[in-house]
Amino acid sequence: MIEFDNVSKSFWTGKQRKVILDRASFRVELGRSVGILAPNGTGKTTIINMMSGLEKPDEGTIYRTSRISFPLGYVGGVVNRHTGRENARYIARLYALDPDYVEAFCRYLCDIKEYFDMPVGTYSAGMRSRFSFALMLSLDFDIYLIDEGMPSTTDVQFNQRAGAVLRERLEQATVVIVSHQAATLEKFCRSAAVLSDGKLHMFDTLEEAKRMYDYEAQS
């Protein structure tokens with residue numbers, strides 16, 4: 001479970017204060033995947049980062065009682081001067097997993113050949129995306145966080161392999177996905193929320209959320 005209790009978050013843009021959340025309270029239950037609809041630039045990535053613990057709220061409390069992934073595509077925990085192999089084994093130890101398994105899984109899934117034993121700082125953007133995606137899928141979480149703005153890869157074979165593994169994971173896990181398009185959420189969840197003026201409005205169905213989101217966009 002993830003629960004936001006009276007959480008506020010804002011940033012100073014240099015000209016004004018941009019409010020992301022204003023005393024927002026909501027809960028994500030296990031077994032009930034949720035999508036969040038919001039226009040670009042309104043703080044979707046910030047909310048996902050707060051759920052994972054990468055960012056802290058200005059006020060309020062965030063409770064986490066489940067194994068929660070870092071955002072899909074996030075590479076902040078990867079050390080550039082270390083090899084893919086060293087990073088995979090280090091992350092495995094952080095999560096109390098078998099380093100041999102995590103290394104073998106990542107090596108197979110990202111399939112970057114000899115680069116796996118080279119410093120991550122030498123990787124192209126595509127290789128970094130493949131490595132970080134493979135690293136996340138090697139770990140077992142209760143809740144997966146997906147940001148529509150995550151890095152992507154154009155490697156067709158990798159997308160097929162990773163997509164198959166992700167679908168298998170999501171059959172047993174809960175998903176929180178943020179997007180500015182309702183069509184993106186349809187692939188992962190049936191219920192959704194709309195982020196508007198610092199409030200998160202929760203709905204039982206995606207259709208209800210979409211109606212509010214479309215109305216907000218037209219008004």
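**Entry 1: ground rules**

I call a DSSP run a helix if it is H or I with at least four residues, and a strand if it is E with at least two; both are numbered from the N terminus. My model is predicted, so local features need pLDDT of at least 70 and side-chain atom pairs count only at pLDDT 80 or more, while totals for chains, interfaces and linings use all residues. I number residues from 1 along each chain as its sequence is written, and side-chain values use heavy atoms, with hydrogens and water left out.

**Entry 2**

I began with the strands. I count two strands as paired if DSSP finds at least two bridges between them.

I found an open sheet of three strands in the order β2-β1-β4, with antiparallel pairing. Its edge strands are β2 (17-28) and β4 (59-64), and each pairs on one side only. My axes are lines fitted to C-alpha atoms, for helices over the stretch in contact, and angles run from 0 to 180 degrees between N-to-C directions.

I then checked one pair. Strand β1 (residues 2-12) and β2 run antiparallel and are joined by eight bridges. E3 stands opposite R27 in β2.

What packs on this sheet? I found helix α1 (residues 44-52) there, touching β1, β2 and β4. The direction of α1 makes about 130° with that of β1. By contact I mean heavy atoms within 4.5 Å.

**Entry 2: helix α1 and what follows**

I asked how many residues of α1 are buried. Seven of its nine residues are, and I noted α1 as mostly covered. The buried residues of α1 are K44, T46, I47, I48, N49, M50 and M51. Just after α1, G53 takes a positive phi of about 95°.

**Entry 3: helices α2 and α3**

I looked next at helix α2 (residues 84-94) and helix α3 (residues 99-110). Their axes come within 8 Å and cross at roughly 135°. I sort angles like this: under 35 degrees is roughly parallel, over 145 roughly antiparallel, 65 to 115 roughly perpendicular, and the rest oblique. α2 and α3 are therefore oblique to each other.

Is the crossing left-handed or right-handed? I noted right-handed for α2 and α3. The rule: a crossing is left-handed if the near helix is turned anticlockwise from the far one by less than a right angle, and right-handed if clockwise.

Which residues meet? From α2 I listed R85, A88, R89, A92 and R93. From α3 I listed P99, D100, V102, E103, C106 and R107. These contact residues divide into five nonpolar, no polar and six charged. I count Ala, Val, Leu, Ile, Met, Phe, Trp, Tyr, Cys and Pro as nonpolar, Asp, Glu, Lys and Arg as charged, and the others, Gly among them, as polar.

I also listed what is buried in α2: G84, N87, A88, R89, I91 and A92. The buried residues of α2 pack against α3 and α4. After α2 comes A96, with a positive phi near 55°.

N6 has a positive phi of about 55°. N6 lies in strand β1 and is partly exposed, with a relative accessible area of 39%. D111 has a positive phi near 50°. I found D111 in the loop between α3 and α4 (125-137). D111 is partly exposed too, with a relative accessible area of 29%.

**Entry 4: the five-strand sheet**

I traced five strands in an open sheet, in the order β5-β6-β3-β7-β8, with mixed pairing. β5 (143-147) and β8 (199-203) stand at the edges. Each has a single partner strand, so one side of each is left without a neighbour in the sheet.

Strand β7 (residues 191-196) pairs with β8 in the antiparallel sense over five bridges. L195 has L200 in β8 as its bridge partner.

**Entry 5: A192**

My last stop was A192 in strand β7. Is A192 buried or exposed? It counts as buried, at 0% relative accessibility. I looked up its contacts, leaving out residues up to four places away in sequence. A192 touches V34, G35, L185, H201, M202, F203, T205, L206 and A209. I also noted V178, 14 residues from A192 along the chain. The C-alpha atoms of A192 and V178 are separated by 9.5 Å.

Methods: Buried < 20%, exposed > 50% of the residue type's maximum accessible area, 1.4 Å probe, protein only.
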